[in-house]
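My notes follow the order in which I looked things up.

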Amino acid sequence: MNIEQLSLHANSVRESIIKMLYSAGSGHSAGPLGMADIFVALYFKLLTIDPSQPKWSERDRVILSNGHICPVWYATLAERGYFDKKELVNLRKLGSFLQGHPHRDLKYGIENSSGPLGQGFSQAVGVALAGKMNNKDYFTYCLSSDGEHDEGQTWEAIMLSAKEKLSKLITIVDRNYIQIDGYTENVMPLDDMAEKYRAFNWHVQEIDGNNFSEIIEAVENAKAVFDRPSCIIARTIPGKGISFMENDFNWHGKTPNKDEEIKAINDLRTLNNRIKSEHQ
Amino acid sequence: MALCRQGFGEGLKEAAEKNKKIVGLCCDLTGSTKMDIFKSAFPDRFVEIGVAEQNMIGVASGLAMEGKIPFCASYAVFTPGRSWDQIRVSVAYQNLNVKIIGAHAGLSVGPDGATHQALEDIASLRAIPNLTIIAPCDYYETKKATLEMAEYPGPIYLRIPREETPIITAENDIFEIGKANIIYQSKIENQIVIIGAGPILYEALEAGKALEKSHKIGVTIVNSHTIKPLDEKTVLEQIEGKKLVVVCEEHQKTGGLFSAVSELLSQRKPTKVLPIGVDNLFGESGKPEELMVKYGLSKTFIYKKITKAIQN
């Protein structure tokens, strides 16, 4: 799949995110939109998976640690064919498997439950450790956020991964510099994050997390590392693709109203009014 | 006298010989939890996590997602003490096959003082869905519980003490998770039932036998080793016709076995229950036997409490 095709899928995933968040009426907007390119690159290009066999034992594992960005996970899984896209509007609704924070349900590709920050990271370490003990070839991708690195548990997991030389563990950190109370460096300074990871004996790359070429190259580099776990610090634009959400921490934990939904969908279909939409 | 934790260590090794899926995790307490017995036998299946209980529980969940059966050992004050949220979300919400061992539980850890005396662990876990809670009473029962846990699917918390405790069960006694055992019945009419879990059952047994002698009152003693799910059938059967129901535990009176029994009886057969436990207090340094006396958990205290209750 080429970059143009990946971009189209990412745009489609962002449109799903806006629609499902509007329908849900609560949830997180900025993080899911910022991470759409990474999720699409993983599920449409980089992962060894078979959506028709979500429990296939040799599949690459994706463990989402910052569970609150699950709309992008659900939208990507639906886009990739794990379940019908019509389900997406049931996000956060009674009886739906699309819980406000993810709940493990392998048949839909949802590999783990998470929400309280730091927990998914440790789970990913366990999954990768089991793969190593069982001599499996699968890679474990842990998707984490910068704010999550305020939690002590995250650093406990980082230490153990290096100690156990989990070279098939690849963590992608969404470095968007925002969290609920504001900019990360005001809430709790995390830079230099790359140097911190290096000091913990990880292989580290820093990339533009909204650039498909960089994402693909970084993951391929990470897969080639054989003696330590790998971290990709992905600088993403929170709210990416929606003119009035980009880089605004106020959109971390809120959802669009009807007018904002219409404007957001228009932004996505016209690439922020740079092109004309067929819907106009 | 023998160590419950020795029973855990030997039981785990034996279970692991039969089942290759079993792995061991420990937070820098391999010797004192007796996880070292497993570690020596299966070094490749043991993971030293370091002093990081939250990570241990999370990593165990990940291992269980891939079909392993992780046994995680630390002191009860650290796990569940420091890892309650991880037990709730990563283990219980996902309903994973993770076994958690809280060692050195209760006042009897002695000189280490209040910070290390877990008296709230059962209360903190009992409200979590999916989780089974077991508090064995001696070496044999701990060994059997460990072997049973390996076969029993789902998350389980096993609570064990530090000190050597009297052997009150026999090697051949049947142990079944969720099934309470009647460990003593007087030959005269049984008017009192004492329900307990853990090594305090020995104190209860001694107090019961003394009452039988001094007051000619028959006593039934129920070992409710599985605190959750409570063996409701046995409890309801055994309180039938009794003049006094007593619950003994080396734990706060809030949220443990006394609460579990009271919750059941309030719904099914409203009954006054006499609690023997720690009364909303932190412990302190001291010899285990001194602490048991001071905090009202000794056989003499139990005897006096029951004597007073039956006189009223």
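This is a predicted model: local features need pLDDT of at least 70, side-chain atom pairs count only at pLDDT 80 or more; totals for chains, interfaces and linings use all residues.

How many residue pairs are in polar contact across the interface of chain A and chain B? I find 11, with both residues of each pair at pLDDT 80 or more. A polar contact here is a pair of N or O atoms within 3.5 Å; within protein, one must be able to donate a hydrogen and the other to accept it, and residues adjacent in sequence count only if both atoms are side-chain atoms.

Residues are numbered from 1 along each chain as its sequence is written, chains are lettered from A and ligands numbered from 1 in the order in which they are written, and side-chain values use heavy atoms, without hydrogens and water.

**Interface, side of chain A**

I looked up which elements give two or more residues to the side of chain A that touches chain B: β1 (61-64), α5 (119-133) and α6 (152-163) of chain A. Helices (H or I, at least four residues) and strands (E, at least two) are DSSP runs, numbered from the N terminus. The largest share, nine residues, comes from α5(A).

Next, the contact size. Chain A puts in 27 residues and chain B 25, with contact meaning heavy atoms within 4.5 Å.

I then checked salt bridges (a side-chain nitrogen of Lys or Arg within 4 Å of a carboxyl oxygen of Asp or Glu). The count between chain A and chain B is one. Arg61(A) and Glu66(B) form a salt bridge through their side chains, at 2.6 Å from N to O.

**Cysteines**

I searched all chains for disulfides (cysteine sulfur pairs within 2.5 Å). The count is zero. Buried means under 20%, exposed over 50%, partly exposed in between (1.4 Å probe, protein chains only).

**Thr146(B)**

Last stop: Thr146(B), which sits in helix α6 (residues 139-151) of chain B. Buried or exposed? Thr146(B) is buried, at 0% relative accessibility. A polar atom of its side chain lies 2.7 Å from the backbone oxygen of Thr142(B). Leaving out residues up to four places away in sequence, Thr146(B) touches Gly7(B), Phe8(B), Gly11(B), Leu12(B), Phe71(B) and Leu158(B).
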